[in-house]
Amino acid sequence: MIIKFLNLAKALFAYIDSGAIFRKPYKWLYMLITVLHGIIPVGILISALGNHLFDAPFKVVLAFLLILVFITIAAVTGMLLWWNRKDKLDVITGNRDDFVATPIFAHFIQTMGENLAIWLFIAGTGFSLIAGIFLSGENGYLGSLIPMAIPSGIGFAGIILFPFLGYFTLVLFRFLAEQIKALAAIANNTYVMANPLAAPAATEIV
């Protein structure tokens with residue numbers, strides 16, 4: 001009985017050391033975020049209908065539907081991003097790497113930044129464009145129909161502002177992720193040099 005318990009404990013420790021215990025939950029998180037992106041446009045539409053969307057003036061309804069198109073495009077693009085990135089988790093670290101959680105967390109930070117940039121580029125710019133064309137002083141009304149943190153009244157200025165914010169977000173999160181990755185790469189390389197008998201696993205950081 002004791003031997004079986006010890007063997008089970010060894011198997012558990014080996015599983016932890018392999019890094020799978022860090023990679024798999026993050027893959028599940030990536031898949032969950034993918035699903036949530038698919039729910040966002042539907043949730044916004046249901047919320048707007050609950051707020052009596054079709055009682056609003058025609059131009060507000062039209063603006064809402066056009067903005068919903070941009071939101072849907074951003075959501076689908078985000079879904080594709082997270083679904084694609086989840087497969088990268090398997091090659092970020094190897095089973096022999098001594099530092100596993102750090103590069104995986106860095107990858108999550110990078111992907112989050114890419115996702116935020118997508119929403120700023122597509123949804124933010126689309127909101128500004130449509131609101132600027134169709135609405136005059138009614139952005140607040142539209143904001144009550146769309147439960148998103150998009151500032152009302154920004155108008156055409158957002159066509160320039162949101163792409164800039166999206167690019168800045170992309171660069172900032174990428175920079176942060178690369179600093180974390182660099183530390184992990186240095187630590188793993190140092191570990192391999194200090195332990196020449198440990199077979200180095202190819203580490204690809206994407």
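What percentage of the 206 residues in the protein is buried? Buried residues, meaning those under 20% relative accessible area with a 1.4 Å probe and protein chains only, make up 37% of the 206 residues. This is a predicted model, in which local features need pLDDT of at least 70 and side-chain atom pairs count only at pLDDT 80 or more, while totals for chains, interfaces and linings use all residues. Residues are numbered from 1 along each chain as its sequence is written, and side-chain values use heavy atoms, with hydrogens and water left out.

**Overall architecture**

- The protein has six helices and zero strands, these being DSSP runs (H or I of at least four residues for helices, E of at least two for strands) numbered from the N terminus, and the order of elements from that end is α-α-α-α-α-α.
- Among contacts with a separation of 6 or more, 83% join residues 24 or more positions apart, where contact means heavy atoms within 4.5 Å.

**Packing of α3 against α4**

- Helix α3 (residues 58–92) packs with helix α4 (residues 101–134) at an angle of about 165°, their axes being 9 Å apart; axes are lines fitted to C-alpha atoms over the stretch in contact, and angles run from 0 to 180 degrees between N-to-C directions.
- That angle makes α3 roughly antiparallel to α4, a term used for angles over 145 degrees.
- The contact of α3 with α4 comprises 25 nonpolar, six polar and four charged residues, with Ala, Val, Leu, Ile, Met, Phe, Trp, Tyr, Cys and Pro counted as nonpolar, Asp, Glu, Lys and Arg as charged, and the others, Gly among them, as polar.

**Individual residues**

- Thr169, found in helix α6 (residues 157–194), is buried because its relative accessible area is 12%, and Thr169 touches Gly113, Leu116, Ala117 and Leu120 when residues up to four places away in sequence are not counted.
- Gly38 is found in helix α2 (residues 20–50) and counts as partly exposed because its relative accessible area is 31%, which falls between the 20% limit for buried and the 50% above which a residue is exposed.
- The C-alpha atom of Gly38 is separated by 8.9 Å from that of Gly78, although these residues are 40 residues apart along the chain.
- His52 lies in the loop between α2 and α3 and has a positive phi of about 60° although it is not a glycine; most residues other than glycine have a negative phi.

Note on methods: Angles under 35 degrees count as roughly parallel, over 145 as roughly antiparallel, 65 to 115 as roughly perpendicular and the rest as oblique.
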